[in-house]
Amino acid sequence: MRPAENVLNLERLGCLHPYRLSFMRILIRKIMNDGWQIKRQTFDLDENGYGTAIYSIDASEGRFSFVIFAHYLDPDVRSDRVIANQWDMTVTLCAGDVGAEQLEMLRQNVPLQEAGRIDTRSIVLSRANKSSRNFEYVVSELAAGRQPDLKTLAKVGYLYRTTGVYGSGKFGMADWQLVRKKYPDFARPFAAEMFSCFMMRQFSLEQAEAIAHARSPATAIKMDDSVKRYMGIGNATGLGMAPYLINHPQLISRWIEVRETAIARICQSGRATKDMCASMANLLRKAARHLAEIATDNEEQNQRNSATIEEIAEAIRFIENHQPTDWQTILSMAETTWSFETQEVINSLLTELYPQLVDDLEDELCLDESLQLIPQEPLSDTRHAIEEHYAWALDIDFTEARSRGVFWYRSQEKSEPRLGHRGVDSGEDRAMKMVIAYDVRQCYDAICEFLELNPDASTAEYALVNPETRSILRRIQTMSRNFYGDIQANLSDTDVLPIHLLRCKLSFFGVSKFDPKSRLWVRNTMYQGAPLCGDIGSDFTDDWYFPTMPDPDEEHELSSCRSMN
Amino acid sequence: MTSLLKRSFEGQGYCQSDFEDAAIAIVWLESHGLNGLEICSSQRVARTKVEVNLTADEQNATVVDLKKQSIAFFGRSIVDLACAGALAERVDRLAIQNCCDQSAILPSLCNIGARGLHALAYWNDDNFLCVARIVADQRIPSIRYLTPVATEKGADPDLNLVCSKGVQNIDSLETSLTGDDNGGVRYISSTDFANQFDAVINSGIEVNDELMSTLVAYADTILVESTEQSRLGAGE
């Protein structure tokens with residue numbers, strides 16, 4: 001497997017793309033292969049699409065309900081920030097059927113989101129806002145009897161954007177322990193959350209059709225399925241996601257290890273036959289088309305995408321001209337010649353070629369996390385572990401002002417994580433514990449000093465008289481025993497790019513089409529190209545990764561306009 | 001709940017490992033039917049860096065003076081020390097003086113079992129001699145409440161902890177403590193605890209409004225005032 005210093009580089013993590021074991025991909029395979037039954041039970045919307053909808057879900061092992069409240073929202077107050085308090089759509093995923101009394105309780109609380117209180121029958125709480133231009137455009141076209149233009153849709157590939165998806169016991173909901181034990185359909189990391197996003201996408205499409213029909217019953221048509229599949233659900237992710245990657249190092253390390261294991265298996269056992277090379281070349285072409293269709297105002301991302309497209313073309317030429325017989329040859333070429341982005345595109349695509357080598361790793365993504373002190377370990381061994389596994393942290397010169405230029409803190413506004421500038425912004429005294437590199441440095445210096453007087457001390461003895469170091473000590477001892485450890489980055493550097501952290505986690509979710517809005521937040525798209533609820537039960541080819549605009553000439557469904565009457 | 005407790009204790013000035021461990025311990029107690037939230041309600045000595053003294057008593061037990069600190073915050077440290085001895089093939093008794101919330105040692109016993117060690121913790125509360133045990137490789141302890149033997153007040157440590165690789169030491173110690181009072185007044189097995197936990201994760205933890213307000217108030221002290229400047233660049 002690739003070494004930690006290579007893989008855990010923050011810039012590389014910020015170039016990860018979704019791959020076969022991303023959570024959305026795993027979920028969709030399960031839904032399609034197990035034939036979940038998803039039915040619209042209630043669709044009580046007015047002519048503007050406001051009201052209540054409920055979907056029932058008969059999953060592989062349990063029954064659930066997805067409840068949606070669609071609201072009028074003044075466009076002037078529409079905000080994707082976590083500090084918003086009104087939304088176009090608020091939703092909850094519940095266990096079992098929802099009766100009248102529970103529905104009323106949900107109606108009172110779900111629209112309040114963080115300010116409300118639900119109960120353990122709810123598993124996920126979320127909300128979304130319309131992409132107002134796209135939504136109105138789609139409704140108008142459908143009302144007029146036209147399919148929306150794909151090139152227009154491609155600029156914003158969704159009708160709604162989620163801005164927060166909560167689970168794991170927040171606001172009175174079912175705790176993760178309960179979900180894992182009682183609802184095996186959602187017993188994988190973020191499965192319930194990803195499913196909720198899938199359902200929000202489904203509702204967004206049906207709501208648009210319903211409004212179009214209400215607006216112009218005589219001429220309105222339904223969206224063609226090929227167009228619907230091209231619509232995903234958007235997402236806006238900011239610093240709120242970042243602490244998770246620092247507070248759950250074992251889980252993040254495990255996800256990375258699983259991905260690297262998949263790639264290593266393919267390098268070892270996957271034969272790069274002529275047919276496989278041809279398939280890889282075709283997948284690379286698809287990836288290049290996908291990147292070319294990304295519309296972003298971020299000039300740096302545009303340049304990065306353009307460069308990746310060119311490098312992908314080089315990679316295709318290399319494969320077709322040299323016909324390598326093993327994948328390591330291509331990966332080595334990529335490592336020495338092309339950018340992180342291109343390298344990670346190739347890595348992601350490799351996993352698509354060998355499902356038989358990769359899919360069993362789905363079960364390895366869960367982990368019971370516990371940072372344990374190894375109390376009997378001689379403190380001198382702990383020092384050595386720091387020198388070996390945290391050399392990257394020891395290499396940072398924290399005496400330089402720029403190395404400690406920023407600090408993380410939680411705002412009074414909904415505890416939103418923010419970045420402050422040291423010496424400029426208030427809140428340094430309440431800084432979050434996000435800078436592992438600095439804590440490691442402090443711990444190392446203190447241990448060295450202690451060992452001078454106590455060379456035979458155990459870690460337990462040191463920790464008992466220095467309790468403030470126990471947290472970083474047990475982290476060091478635990479993570480240095482993982483193949484991949486902590487993310488190797490100084491998160492207090494003046495020029496740190498937190499969006500690399502966000503994109504790393506988002507890639508594991510299965511998110512794509514990254515559109516950075518600043519160094520602190522990014523818009524992106526989920527489920528673009530994914531099957532629809534109506535596709536469940538039909539033949540399923542798991543090839544919706546790196547989705548591209550459907551070609552209308554190839555789609556039989558796009559042959560004529562259909563009236564909804 | 002764990003998250004709120006962590007933030008609340010952080011707001012009260014506890015260091016990271018302390019507030020993490022205490023939050024986990026309290027939620028464990030509460031979700032296993034042992035009234036963990038009472039620890040939050042009681043008055044506590046303000047948290048400062050504790051100069052923990054390690055000495056030996058007449059029986060060669062290692063004496064730990066916790067200076068009136070709660071086991072909820074110190075339990076993991078105590079357990080780490082005990083495990084270090086056991087893993088070095090010693091069977092030390094830790095005699096912890098000047099501590100409170102002794103039942104908070106129970107979640108830390110889970111940690112001992114997870115490390116493949118056996119342990120026995122015993123203490124006197126107002127009514128009982130409490131004897132808690134964890135078996136190697138088990139994740140949940142058991143506890144027996146026994147009729148206390150009358151002793152001079154202050155003569156015994158507030159909490160005793162013995163940790164061992166082998167089970168015989170623990171068996172013989174438990175027998176010497178329980179004596180003829182085998183059944184005890186009450187016994188909660190690890191299965192009982194597991195069932196209690198299952199019930200609680202279904203129903204949730206009830207927190208009274210006053211305590212919730214107090215916890216939230218402390219948690220809010222770690223939040224930083226929002227300004228227009230601080231909002232910039234992080235979303236629309």
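This is a predicted model: local features need pLDDT of at least 70, side-chain atom pairs count only at pLDDT 80 or more; totals for chains, interfaces and linings use all residues.
Trainee: Thanks! What is the mean pLDDT of chain A?

Mentor: The pLDDT is the predictor's confidence in each residue, from 0 to 100. In chain A, 98% of the residues reach 70 or more. Residues 555-565 of chain A have a pLDDT below 50. The chain A mean is 93.

Trainee: And what does chain B average?

Mentor: In chain B, 86% of the residues score at least 70. The model as a whole scores ipTM 0.89 and pTM 0.92. The chain B average is a pLDDT of 86.

Trainee: What radius of gyration does chain A have?

Mentor: The radius is taken over C-alpha atoms, and the globule rule is 2.2 Å times the number of residues to the power 0.38. For 565 residues, a compact globule would come out near 24 Å. Chain A agrees with that, at 25 Å.

Trainee: How many helices and strands does chain A have?

Mentor: Helices (H or I, at least four residues) and strands (E, at least two) are DSSP runs, numbered from the N terminus. On that basis, chain A has 22 helices and eleven strands.

Trainee: What percentage of the residues in chain A is buried?

Mentor: Buried means under 20% relative accessible area, exposed over 50%, and partly exposed in between, with a 1.4 Å probe and protein chains only. Taken over the 565 residues of chain A, the buried share is 60%.

Trainee: Is A:Ser253 buried or exposed?

Mentor: A:Ser253 lies in helix α11 of chain A, residues 249-269. Contact means heavy atoms within 4.5 Å, and leaving out residues up to four places away in sequence, A:Ser253 touches A:Met479, A:Asn482, A:Tyr484 and A:Gly485. Because its relative accessibility is 1%, A:Ser253 counts as buried.

Trainee: Which residues of β4(A) are buried on the two sides?

Mentor: In a regular strand the side chains alternate between the two faces of the sheet. Seven of the seven residues of strand β4 (residues 89-95) of chain A are buried, so the strand is largely enclosed by the rest of the structure. One side holds A:Met89, A:Val91, A:Leu93 and A:Ala95, and the other holds A:Thr90, A:Thr92 and A:Cys94.

Trainee: Which residue in β5(A) does A:Thr90 stand opposite?

Mentor: Two strands pair if DSSP finds at least two bridges between them. β4(A) pairs antiparallel with strand β3 (residues 63-70) over seven bridges, and there A:Thr90 is the bridge partner of A:Phe69. Six bridges join β4(A) to strand β5 (residues 122-130), also antiparallel. In β5(A), A:Thr90 stands opposite A:Arg127.

Trainee: Which backbone oxygen does the side chain of A:Thr120 reach?

Mentor: A:Thr120 sits in the loop between α4 (100-109) and β5 of chain A, and with a relative accessible area of 19% it is buried. Its contacts beyond four places in sequence include B:Ile201 and B:Asn202. At 2.8 Å, its side chain reaches the backbone oxygen of B:Asn202.

Trainee: In the open sheet of three strands, what is the order?

Mentor: Five bridges join strand β8 (residues 406-411) of chain A to β9(A), and the two run antiparallel. β9 (417-421) of chain A and β9 (223-224) of chain B stand at the edges with a single partner strand each, so one side of each is left without a neighbour in the sheet. The pairing is mixed, and the order is β9(A)-β8(A)-β9(B).

Trainee: Which residue in the turn between β8(A) and β9(A) has a positive phi?

Mentor: These strands form a hairpin with five residues between them. Along it, A:Tyr409 stands opposite A:Arg418, and A:Val406 opposite A:His421. With a phi of about 55°, the turn residue is A:Lys414.

Notes: Residues are numbered from 1 along each chain as its sequence is written. Chains are lettered from A and ligands numbered from 1 in the order in which they are written. Side-chain values use heavy atoms; hydrogens and water are left out. A polar contact is a pair of N or O atoms within 3.5 Å; within protein, one must be able to donate a hydrogen and the other to accept it, and residues adjacent in sequence count only if both atoms are side-chain atoms.
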